[in-house]
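Hi,

Here is the structure I promised to pass on. Have a look at it first, and then read my notes below.

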Amino acid sequence: MTLPKFLRASIALGVGWLLLVAAATAAEPSRPNVIVILADDVGYGDLGCYGATKIKTPHLDALAEGGLRFTDAHSPAAVCTPTRYALLTGQYAFRHPPGSRILSGVAPLGIPLDRPTLPKLLGDAGYATGAVGKWHLGLGDRETNYNAEINPGPREVGFQYSFLIPATGDRTPCVYVENGRVVGYDPHDPIRVDYQQKVGDDPTGLENPELLTNQKPSHGHNNTIVNGISRIGWMSGGQAARWKDEEMADTITQKAVRFIDDQAAQPFFLYFATHDAHVPRCPHPRFRGQSEHGLRGDAIVELDWCVGEILTALARHKLTDNTLVMFTSDNGGVMDDGYLDGTQHDASGHRCNGALRGFKGGLYEGGHRVPLIVRWPRKVPAGKTSAELISHVDLFATLAAVVGQTLPEGGAPDSFDCSAALFSQRPARPCRESLLHQAGNPNWLAVRQRNWKYIPPAPGNGRTSAGPELYDLSVDPAETKNVAQNHPETVQELTTLLSQLRQAARTRPIPSE
Ligand code: CA
C-alpha cells in the first residue's frame, strides 16, 4: 500500500520532530542544584578577585576563576532587610512597607503569605529548599514569641528546612532558631525580647560598661550584654541557648554543609546567608590576624573559609559540575557600624568599596554595587567578567528560566530574566535597561538607566549635594562629577522615569499573548 505523498511527508516530519525532541532531551543537562550565598555588608572592594590586596580570599577567587564575575551587579537596597525581601520575592521592597526597612528581632514576618517566592517556585519544581544563616525578614504573625513554635516563618514562604539567626548579630535575641524552635530552649528559662524597654535583670552596655569584655559600642548598640557585647534590643532568659559570636560562622557553615549532605541525591536550593562582615565582627580566634585589615578583614577571611567549605562539600558529592553557585552581598561595605572594633582607626589603606563612593545605607554606588560571582561549570563561562546591569531582584525570574519554571501570575513583578547574561559574557541584549536603588529609607530612591545614574534632591544619606545629582557611570563609576547642570533634559527624563517606576505595580513588562 502506498501512502499519499502528503501523508508520507507528514509522517517523516513527525518522526523527525520526535527524534529532535528526544535528542534535545538527552542533551539537556539535568536541572542544576542552586546555592545562593548572600554575604553581609561585604563591599565591592573586599575580595581579592575584585582588587583587594589586604585581605586574601582564595576560595572566592577560585570561584570567580571557575565562573562569571559581574562588575555592575546591585543589591536592590543599601541595607539588609529590603534587599533580602526583594531577592526572595522579585518585588522591590519599597512596594511592601513591612519588608522595606531594617526590622527588629521581634518584628512579624515581612513577606505576605500569598506572595510568590523564589523558594516556593523551586520547591514547586521539585527542589529541596533550605535557608541557613541570617534571616532578618521577621518571624511570626505579630510580635515574635520565642517560647513556642514560631510561625509563620521560612517554612510558610517556601523553605522546607531552616536554621536561622533571627535578625542580625548585633540584635537580640542572640539565639538560633531551627525549623521554628529556639535551639537549646529551656522552658524553665523563658526568653523575653523587647525593643522599647529593658526586660529582666541582664546588664546593659549603658548601665554596666565595665562588663563589656568583648567589644564596646561606638554608637547605639548599648542594650543587653550577651557574650561580653551589648546589642540593639533587650533580652532576658534563654541563657543556655545564647550564641557565642566567635562560633557563629562554624555553626551556620556546619548546618549548610549538612543540608547539602542530606539533599545531595536530589535537586536542592540552599540559601546560605552568612553573617560576616556584619557587626559585631567576631571571627573565630583561628582567623584573627589573618588579614591586614583588622577584625573586619579577618571576618572576610572567615567568610572565604565558609565558602570553601561549601565548595568542598559539593566536590565531595561530585556535584560541582551541575550546581549553580551564586555569591553576592546584601549591600555595600561599611567601616564603623556601631562597635569600637578597630575599623575606625584602620590604616591599612583597604577600601571596602574599592574606588566607589559611599557606604552601606546610601544611594551612591558604594552602598549597593556589590560583588556577584556565578559559577555553573556546565553552562556558565569560566574565568570571565560581565558588565551586565543586574540586581538581586532578578534572581527570581532568572532562576525560573534556568530551571524551566513559569513565573506565577502576578509574581516577581520587578524581576527580569537575566539567564542569557549568565550563559554568555556578552548577551545579544541587556536584560534590563533601568533599575531602582533604595537607600536605608524606602522613600529614598535613585534610578539607573543604561550609563546614567540619577539621585533626586533629598536630604541625608551621606550626600553632599542638596540638588539633583546625575552621573555618567560609563566614564565616572566613582561618581566624582555631578553633571546634572550639563544635562537638564536627562535629569528631566530620569525624574519622570523614577516616578513611573516607583508608582507602577510592576516594572517587568507582561509578555504579550
Ligand atoms: Ca547587610
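Before the notes, one term: helices here are DSSP runs of H or I with at least four residues, numbered from the N terminus. Please also keep in mind that this is a predicted model.

Let's start with α8, since that definition sets where a helix ends. α8 covers residues 395-403, and eight of its nine residues are buried, so this helix is largely enclosed by the rest of the structure. The buried ones are Leu395, Phe396, Ala397, Thr398, Leu399, Ala400, Val402 and Val403. Among the elements covering them are β1 (33-39), α3, α4 (118-124), β13, β16 (390-391) and α9 (419-423).

Now the overall layout. The chain is split into domain 1 (30-179 + 244-423), domain 2 (192-236) and domain 3 (434-503). Taken over C-alpha atoms, the centres of domain 2 and domain 3 are 39 Å apart.

Next, the inside. The largest nonpolar core counts 106 residues, and Tyr271 and Phe327 have the most contacts within it. α6 is the top contributor to this core, giving ten residues. Both domain 1 and domain 2 supply residues to the core, so it lies between them. Another core, of 19 residues, lies apart from it and includes Phe94, Leu470, Leu497 and Leu498.

Leaving out residues up to four places away in sequence, Phe327 touches Ile37, Ala39, Leu47, Leu60, Leu63, Leu303, Val307, Pro371, Leu372 and Ile373. Two of those names come back in α2 (residues 58-65), where Leu60, Leu63 and Ala64 are buried. These three cover an arc of only 100° around the axis, which puts them on the same side of α2. They pack against β2 (68-70), α6 (294-316), β13 (323-329) and β14 (372-375).

Distant parts of the chain are linked here: Cys80 sits in helix α3 (residues 80-89) and Asn331 in the loop between β13 and α7 (365-368), 251 residues apart. Both Cys80 and Asn331 are buried.

Cheers

Key
Residues are numbered from 1 along each chain as its sequence is written. This is a predicted model: local features need pLDDT of at least 70, side-chain atom pairs count only at pLDDT 80 or more; totals for chains, interfaces and linings use all residues. Side-chain values use heavy atoms; hydrogens and water are left out. Buried means under 20% relative accessible area, exposed over 50%, partly exposed in between (1.4 Å probe, protein chains only). Helices (H or I, at least four residues) and strands (E, at least two) are DSSP runs, numbered from the N terminus. The arc is that of the directions from the helix axis to the C-beta atoms. Contact means heavy atoms within 4.5 Å. A nonpolar core is a set of buried Ala, Val, Leu, Ile, Met, Phe, Trp, Tyr and Cys residues joined through side-chain atoms within 4.5 Å. Domain bounds come from an automatic or database domain assignment.
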